Amino acid sequence: MKKRFLIPLIYILFLMLPIYWLVAMSFKTTNEILSGFSLFPQTFTFDNYAAIFSDPTWYWGYFNSIIYVTINTVISVCVALPAAYAFSRYRFLGDKHLFFWLLTNRMAPAAVFALPFFQLYSAVGLFDTHLAVALSHCLFNIPLAVWILEGFMRGVPKELDETAYIDGYSFPRFFVQIFLPTIKAGVGVTAFFCFMFSWVELLLAKTLTAVEAKPIAAVMTRTASSAGYELGLLAAAGALTIIPGAIVIYFVRNYIAKGFALGRV
Amino acid sequence: MKSANQRAWLFVLPVLVLVAFNALIPIMTVVNYSVQETFGDNLFFWQGLDWFQQILRSDRFHAALGRQFLFTGLILAIEIPLGIVIALSMPKRGFWVPVCLVTMALPMLIPWNVVGSMWNIFTLPDIGLLGYFLNHTLGVPYDMTQSPVAAWITIVVMDVWHWTSLVVLLCYAGLMSIPDAYYQAAKIDGASNWAVFRYIQLPKMKTVLTIAILLRFMDSFNIYTEPFTLTGGGPGNSTTLLSIDLVKIALGQFDLGPAAAMSLIYFAITLLVSWVFYTLMTKDDTN
């Protein structure tokens with residue numbers, strides 16, 4: 001019975017190995033990487049990181065990613081809140097069909113949408129802006145946000161709404177002052193998942209940007225092909241992309257497991 | 001009981017507008033391409049359903065579809081049981097719970113092409129940790145760029161690394177919702193571990209497992225970035241999954257018509273299989 005902890009332990013070790021290797025690589029010089037195998041960096045160097053922080057193409061990649069991810073998270077949560085409220089409280093014409101249709105958008109392969117998205121956003125003049133990427137990520141983030149929020153809202157008894165109306169609250173005041181604070185854990189979880197899926201997506205982000213709003217992940221692919229294959233630089237850039245996710249996950253660690261479990265299927 | 005209220009549509013409207021803008025317009029564009037032929041210069045000719053017939057009959061499509069089903073089948077067969085086992089053996093309370101959750105969730109938050117690059121670096125035959133270990137310590141010849149089997153094992157292991165945690169987190173959430181009284185009752189009845197799993201834990205995990213299987217199916221069936229970054233579909237065509245093939249046709253050869261027809265067939269298959277999964281798994285609830 002005591003050996004049980006071995007299973008998660010081995011699993012976590014397995015998860016950490018590639019991450020360790022990426023981080024170890026990022027502290028090695030290109031010479032050391034190419035000259036052979038070494039488990040630890042022999043000549044410990046910050047050159048790769050210095051190269052990233054001194055080149056605007058690199059560090060603007062980070063800012064671009066963070067900007068469009070933030071815009072997307074704000075839009076997704078804001079429009080999903082009233083919709084999730086409607087789904088959790090009211091019956092209306094076509095509600096079930098609408099809910100399922102929203103979910104089907106998660107099933108569409110992003111590869112299918114890449115080219116039409118390029119044409120659509122070029123036509124409306126948003127190509128290569130942060131807003132374009134943020135809006136396009138709404139395709140899969142809004143359905144997810146509605147799904148998770150609806151689960152949380154369903155757990156709030158209807159009596160809360162009715163009591164507030166009897167007390168003379170108007171709907172907007174009730175929603176902001178009473179209802180939102182009750183489901184703030186749900187809003188946090190939703191924001192986390194929106195952040196996550198927008199942060200990790202690359203295909204659409206890459207298709208919809210050229211220079212001005214290029215995400216960090218796309219900067220990586222281009223540099224890898226033009227400047228030869230600088231493994232150390234690539235590893236450092238990769239290691240840096242883990243940090244924002246790690247910070248966000250730390251804040252919501254007690255809620256992540258609940259997030260999907262409360263959604264309805 | 002929910003009350004009927006047609007004004008609820010106003011609440012849903014912003015969502016509807018945004019998603020429709022992103023979903024309907026592009027899908028109509030795809031439908032438009034799928035029935036036409038173009039030779040450039042924005043000149044289009046009506047083609048009818050020829051592209052659909054051509055795709056459905058082509059060996060290339062059948063091969064890519066076969067590889068896609070093999071990949072998704074392997075992923076589900078490995079990740080779902082593994083996720084359940086890990087969730088069952090996780091600590092229930094105490095200091096280690098947040099540590100486990102945070103470290104396990106970490107792979108899911110890494111951008112997908114970084115995941116590909118990371119595994120590429122990890123598996124390089126002579127300078128990657130795994131590649132070096134297999135080739136030089138164990139003496140197993142391993143080179144992903146040469147051997148299709150090695151490439152397949154690598155993309156499957158990479159996906160297990162990347163996404164098993166999702167199954168773990170979902171199952172763990174399901175397990176945590178079981179009241180202690182259930183376990184105490186089982187203990188009094190002298191139930192075996194297997195009986196506890198089969199009659200208490202598994203039924204309680206059913207909802208979250210449905211979500212897990214659906215999400216893993218959709219995402220592994222649509223997977224593009226990670227295997228593309230890792231193997232580029234090679235060696236040869238051995239790891240060219242459906243979406244990689246689609247992008248090759250659409251952006252590599254710029255055959256918009258066939259690519260659009262293939263997109264629609266692809267989407268239809270995803271919808272159909274998801275719907276079958278969904279119906280099968282929720283069938284018992286309605287009875």
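Which helix of chain B is B:Ala212 found in? Select B:Ala212 to begin: the residue is in helix α10 of chain B, residues 206-221. The model on screen is predicted.

**Stop 1**

Keep B:Ala212 selected and show its accessible surface. Its relative accessibility is 0%, so B:Ala212 counts as buried, the cut-off being under 20%. Then draw a C-alpha to C-alpha distance from B:Ala212 to B:Leu169. The two are 9.5 Å apart in space and 43 residues apart in sequence.

**Stop 2: B:Arg216, on helix α10 as well**

Select B:Arg216 and B:Asp159. Their side chains form a salt bridge, with an N to O distance of 2.7 Å. B:Arg216 lies in helix α10 of chain B and B:Asp159 in helix α7 (residues 148-176) of chain B, so this pair ties together parts 57 residues apart in sequence. Are the two partners buried or exposed? B:Arg216 has a relative accessible area of 1% and is therefore buried. B:Asp159 is at 2% relative accessibility and also counts as buried. B:Glu79, B:Asp159 and B:Arg216 are linked in a network of salt bridges.

**Stop 3: B:Arg60 and B:Asp245**

Stay in chain B and select B:Arg60 with B:Asp245. This pair forms a salt bridge in which the closest N and O atoms are 2.9 Å apart. The bridge links distant parts of the chain: B:Arg60 is in helix α3 (residues 59-88) of chain B, B:Asp245 is in helix α12 (residues 242-252) of chain B, and 185 residues separate them. The two ends are placed as follows. B:Arg60 has a relative accessible area of 37% and is partly exposed, whereas B:Asp245, with 3%, is buried.

**Stop 4: A:Asp161 and A:Arg89**

Move to chain A and select A:Asp161 and A:Arg89. Their side chains meet in a salt bridge, 2.9 Å from N to O. A:Asp161 belongs to helix α8 (residues 159-166) of chain A and A:Arg89 to helix α4 (residues 56-89) of chain A, distant parts of the chain that are 72 residues apart. Both residues are buried. For the whole structure, a search over all chains finds five salt bridges.

**Stop 5: the interface of chain A and chain B**

Display both chains and select the residues in contact between them. The contact takes 91 residues from chain A and 93 residues from chain B. About 8300 Å² is buried between the two chains, and carbon and sulfur atoms give 79% of that area. How many salt bridges are counted between chain A and chain B? The count is zero. For polar contacts, the rule finds nine residue pairs across this interface, both residues being at pLDDT 80 or more.

Now highlight helix α1 (residues 6-26) of chain A. With 13 residues, this helix gives the most to the side of chain A that touches chain B. Colour that side by residue class: 72 residues are nonpolar, eleven are polar and eight are charged.

**Stop 6: strands across the two chains**

Finish with strand β1 (residues 90-91) of chain A and strand β1 (residues 3-4) of chain B. The two strands run parallel and are joined by two bridges.

Notes
Residues numbered from 1 in each chain as written. Chains lettered and ligands numbered in written order. Predicted model: local features only at pLDDT ≥ 70, side-chain atom pairs only at ≥ 80, totals over all residues. Heavy atoms only, no water. Contact = heavy atoms within 4.5 Å. Buried area = accessible area lost by both parts, 1.4 Å probe. Salt bridge = Lys/Arg side-chain N within 4 Å of Asp/Glu carboxyl O. Polar contact = N/O pair within 3.5 Å; in protein donor to acceptor, adjacent residues only side chain to side chain. Helix = DSSP H or I, 4+ residues; strand = E, 2+ residues; numbered from the N terminus. Nonpolar A, V, L, I, M, F, W, Y, C, P; charged D, E, K, R; others polar. Pairing = 2+ DSSP bridges. Buried < 20%, exposed > 50% of the residue type's maximum accessible area, 1.4 Å probe, protein only.
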